[in-house]
Amino acid sequence: MPSDPMSAEPMPLEPAARPLTRIQKRNIEAILEAALEVFSAQGFRGATLDQIATAAGLSKPNLLYYFPSKEAIHLELLSSLLDDWLAPLREMRATGEPRDEIMRYMRRKLEMSRQMPRESRLFANEILQGAPRMGGTLAVDLKALVDEKAEIIRGWAAAGKIAPVDPHHLLFSIWALTQHYADFDVQVRAVLGPGHDPFAEAEPFLDTLFERLLRP
């Protein structure tokens, strides 16, 4: 005869995870900062746990206490990066002035390339490898967001507020023309030569380019 569930002993609760200590938080931050440096320079395939541990000032066994594999570190970096990367596009408002909204997005993307070149190269390396760790996220989260903003841009064009442009390719062109300055920094600086600030020089050029493209 089955026992009365009302009289059964309550199941013990699993112990709550202990909060990280100050030293643990510091070590995790050191590992992620070191991994960002190593991955952005070497790519995923060229990076090793030994390189990351050395850059973090930790032993390899100590690193593995926090992250079980190189893949786990890489995925943690990519996950946090994607939120930052999508934030400017999320802020594009349908109620805003169309050209202002698009130009603000372009300028924010250029500034992110200035401030976060390693993150940009980390993301680029993942894409160049076929996005083995982020393919699903790109096909779902990124696509949904881009499609949503593309509809807004398409509506602005239909209303005559901006020139008739393909919204997806407009966004692709913004990505290409801003992230290039981070991903190909060495090439850009080699061609421009000393005494140039690529980002400061790029902004007025891109302003003119997109203003003319978007003008009804």
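The chain is divided into domain 1 (20-68) and domain 2 (75-214), with bounds from an automatic or database domain assignment. This is a predicted model: local features need pLDDT of at least 70, side-chain atom pairs count only at pLDDT 80 or more, and totals for chains, interfaces and linings use all residues. Residues are numbered from 1 along each chain as its sequence is written, and side-chain values use heavy atoms, leaving out hydrogens and water.

**Between the domains**

- The centres of domain 1 and domain 2, taken over C-alpha atoms, are 29 Å apart.
- In domain 1, 11 residues are in contact with nine residues of domain 2 (contact means heavy atoms within 4.5 Å).
- The two domains bury about 960 Å² between them, and carbon and sulfur atoms give 64% of that area.
- Leu 36, Ser 40 and Phe 44 supply 52% of the area that domain 1 buries against domain 2, more than any other three residues.
- Buried area is the accessible area (1.4 Å probe) that two parts lose on being put together, summed over both.

**Salt bridges**

- The structure holds 15 salt bridges, where a side-chain nitrogen of Lys or Arg lies within 4 Å of a carboxyl oxygen of Asp or Glu.
- Two salt bridges are counted between domain 1 and domain 2.
- Arg 118 pairs with Glu 37, with the closest N and O atoms 2.9 Å apart.
- Arg 118 also forms a salt bridge with Glu 33, the closest N and O atoms being 2.7 Å apart.
- Glu 33 lies in helix 1 (residues 22-46) and Arg 118 in helix 6, so this pair ties together parts 85 residues apart in sequence.
- Helices are DSSP runs (H or I, at least four residues), numbered from the N terminus.

**The largest pocket**

- The largest pocket has a volume of about 410 Å³, the space filled by probe spheres set on grid points joined across faces, edges and corners.
- A pocket is an open set of points on a 1 Å grid over the protein atoms alone, where a 1.4 Å probe fits, with protein on both sides within 12 Å along at least five of seven lines.
- Its lining has 18 residues, each with an atom within 4 Å of a point.
- Helix 6 gives the most to this lining, with six residues.

Note on methods. Helices (H or I, at least four residues) and strands (E, at least two) are DSSP runs, numbered from the N terminus.
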